[in-house]
Amino acid sequence: MPRVVSLFLPQWSTDRLRRRSDAASLPPDRPLVLVGRDGQRRVVLAADMNALAASLRVGMPATKAQALVPGLMVQDARPEEDAEALERLALWGLRRYSPIVAVDLPDGLVIDITGSEQLHGGEQALLTDLVSRLGSAGIAARAAVADSWGAAHAVARYMRRATSIVPPGGVANVITELPLPALRLSSGVVDGLRVLGFERVGDLLAQPRAPLTLRFGPELGRRLDQALGVLSEPIDPIRPAEVVEVRRSFGEPIAAAETIAKYIGKLVTSLCSELEGKGLGAKRLDLLMVLVDNSVEAIRVSTALPGRDAKRLARLLRDKIEKIDPGFGIELMRLAASWAEPLSPKQTLSSLIEQPEADISDLIDTLGNRVGTDQLYRFAPLASDVPERSVQRVAATAPVVGNAWPDHWPRPTRLLSSPEPIDAVALLPDHPPASFTWRGIRRRVRRADGPERVFGEWWKRDAELAAVRDYFQVEDDAGERFWIYRAGDGENLSTGSHRWFLHGIFA
């Protein structure tokens, strides 16, 4: 079942105008509207939050708006510039979220995330990331995901939540209470329906279609079916002009997995030839398949490093064939390198005594396209004497920067995410514990080494000016080895609480 995200930018035109460098003279607290022509009339095409709070609305005559709100700031709308800015935002969404992204004029985007949501931690995580990233850039946004473009469009604009998720198969239950404009009907049809007493989408669902179609034409039934997912609404994805792309059309639609795999291999070979001619390597591939019913199936794969190894790239794509629903057949296949980086030729080793460098990028690519590249990482050292601050997560293929952990004292194989308190019996100030109790089990210390004193990082916060820790490596009667410490120097309470903690376990 398809899953579609509708991104709604309620203040797109007005916020974009205020962000322009030549608009610094616009007071932020004064209402602002953008006006344009609707036939022979000048009407409000966009209004900011201050204007909406003053009871102005989109579609009202500009003269009426100026009469209602003294001091109203009026600017000419620039729909062409707004559309160009939306296209740039769509290209950003194409690179980050899904291979199928399109502009939903005048104030939104539509994104088909079918099969892509798992690479971002699920639908809720994807929506939250999308809205928060736009918010950090000063762009107000609401997003909704549903089974159809029409339903997601309606929920994003009329549920008034930052993020909304319509469960699969639950469209009819959600859109019932939404107002009629949520169906993207023309203003004439909405006004006519209101004259007849219809106010909500649910009022229409309970009525026979024939009389409504006879009076209002096919638009009403089409929009209802699109919202309910009965009638497909293809999304024409945006594509940057510079993207490297190859395509293959079929005289007879194809549907068998073996045939799809065969043509994936041919498309990848052609794409790699194009990339080689441009000196590029692919980091992300988008395979779009146009079906007989004009709907689009898409799969996306990413690589840790830019490359143009046809066999490897084809294998990554073929691993996702099981997620493709060809329906009655595929008429067109398009393969695009939506993310490519310069890749110069590399000479292979020819000496019999030289050892090739270990290359695990193939494994990283395979795992990353199954669980998401954000789920793969490795630990790298940081310059810090405090153990829990001396490690960081980095990308699996991040280069080694040269930092190393201290080697004058051994470090435990497993460092706990946070130190756990223990009850210990020890002679202060410098002796290790004679015994300690951890997680309800009392352990007698047989051997110990230490202390290793670690000072607080006073330049980060004042509380660490005098703080110290004394670490000991201890071994119990069973031969298990632990890394424990005492908070404080054992003499002055200003240096710590003198409580004991277990921080790591040796292999």
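These are legends for a few views of a predicted model of one protein chain.

**View 1. The whole chain and its outline.** Let's start with the overall picture: the protein chain has 14 helices and 20 strands. Its C-alpha atoms fill a box of roughly 90 × 65 × 50 Å along the principal axes. The radius of gyration is 31 Å, whereas a compact globule of 507 residues would come out near 23 Å. Among contacts between residues at least 6 apart in sequence, 58% join residues at least 24 apart.

**View 2. The surface and its charges.** Of the 507 residues, 45% count as buried. As for charge, there are 64 positive and 65 negative side chains, and the centres of these two sets sit 2 Å apart.

**View 3. The largest nonpolar core.** In soluble globular proteins, nonpolar side chains tend to be buried together. Here the largest such core has 31 residues, and L285, L287, L317, M333 and L335 touch the most other members. At least two residues each come from β9 (244-254), α12 (257-278), β10 (280-291), β11 (296-307), α13 (310-318) and β12 (330-342). The largest share, nine residues, belongs to α12.

**View 4. Zooming in on L287.** Leaving out residues up to four places away in sequence, L287 touches I264, L267, E297, A298, I299, L317, M333, R334 and L335.

Note on methods:
Residues numbered from 1 in each chain as written. Predicted model: local features only at pLDDT ≥ 70, side-chain atom pairs only at ≥ 80, totals over all residues. Heavy atoms only, no water. Helix = DSSP H or I, 4+ residues; strand = E, 2+ residues; numbered from the N terminus. Rg over C-alpha atoms; globule rule 2.2 N^0.38 Å. Buried < 20%, exposed > 50% of the residue type's maximum accessible area, 1.4 Å probe, protein only. Contact = heavy atoms within 4.5 Å. Lys, Arg positive; Asp, Glu negative; His and termini not counted. Charge placed at Lys NZ, Arg CZ, Asp CG, Glu CD. Core = buried A, V, L, I, M, F, W, Y, C linked by side-chain atoms within 4.5 Å.
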